[in-house]
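Subject: Structure handover: salt bridges

Hi,

Here is the structure for you to look through. My notes on its salt bridges follow below.

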Amino acid sequence: GSRRSMLELYELVQHAGNILPRLYLLVTVGGVYIKSRQAPARDILKDLVEMCRGVQHPLRGLFLRNYLMQTCRDKLPDLGSPYVGVGGTVDDAVDFVLANFSEMNKLWVRIQHQGPVRERDKREKERQELRTLVGSALVRLGSLEGVDLPLYREKLLPRVLEQVVACKDVMAQLYLIE
């Protein structure tokens, strides 16, 4: 059969029918595309993090973004990574993880507003169980080799704290500060 380039495959999956399966396919192919090094990791990561905005349902969006984080965790342009340099910088890796974290947190906070009021306790319990998904993004930020003190102090910490304050949700604020 004919061999397709990664770019063709990446563009092809964007025409799949439903948005959710399309984005899971896109993230999967995007991970392979980054690994192939046929395009800078930075560009693909930026594209994927933006495309995932297509899923607005809080629970589905949260799991999709968790899948994105898991798929790309070893493909970030970080110190000692084959994707740093032409593929991007540590700053690009931080931007990707922070953008995904920010969206995950917003989706997580929105879960409390889903469904009828009488199920509020059930939703709060659900949110407690799902918090580790949001926390995994912070763990990934903490494990980036290229994050030094100035980058942490000037970029990472202010953006995480901005997210904590902006979400205006006690459960999220307590968990994220913890």
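Start with Asp91, which is partly exposed at 33% relative accessibility. Its salt-bridge partner is Lys155, with 3.7 Å between the closest N and O atoms. This pair links distant parts of the chain: Asp91 sits in helix α5 (residues 90–110) and Lys155 in helix α7 (residues 149–166), 64 residues apart. Lys155 has a relative accessible area of 18%, so it counts as buried, the cut-off being under 20%.

Bear in mind that this is a predicted model. The mean pLDDT over the chain is 92, and 99% of the residues reach at least 70. Of the chain's elements, helix α3 (residues 41–51) has the highest mean, 97. Helix α1 (residues 6–12) has the lowest, 86.

Now the other salt bridges.

Arg127 pairs with Glu124, at 3.7 Å from N to O. Both are in helix α6 (residues 120–142). They are three residues apart, about one turn of the helix. Arg127 is buried, at 0% relative accessibility. Glu124 is partly exposed, at 22%.

Asp74 and Lys75 form another salt bridge, and their closest N and O atoms are 2.9 Å apart. Lys75 is buried too, with a relative accessible area of 9%.

There is also a network of salt bridges. It links Glu50, Arg53, Glu103 and Lys106.

Best wishes

Notes. Residues are numbered from 1 along each chain as its sequence is written. This is a predicted model: local features need pLDDT of at least 70, side-chain atom pairs count only at pLDDT 80 or more; totals for chains, interfaces and linings use all residues. Side-chain values use heavy atoms; hydrogens and water are left out. pLDDT is the predictor's confidence in each residue, from 0 to 100. Helices (H or I, at least four residues) and strands (E, at least two) are DSSP runs, numbered from the N terminus. A salt bridge is a side-chain nitrogen of Lys or Arg within 4 Å of a carboxyl oxygen of Asp or Glu. Buried means under 20% relative accessible area, exposed over 50%, partly exposed in between (1.4 Å probe, protein chains only).
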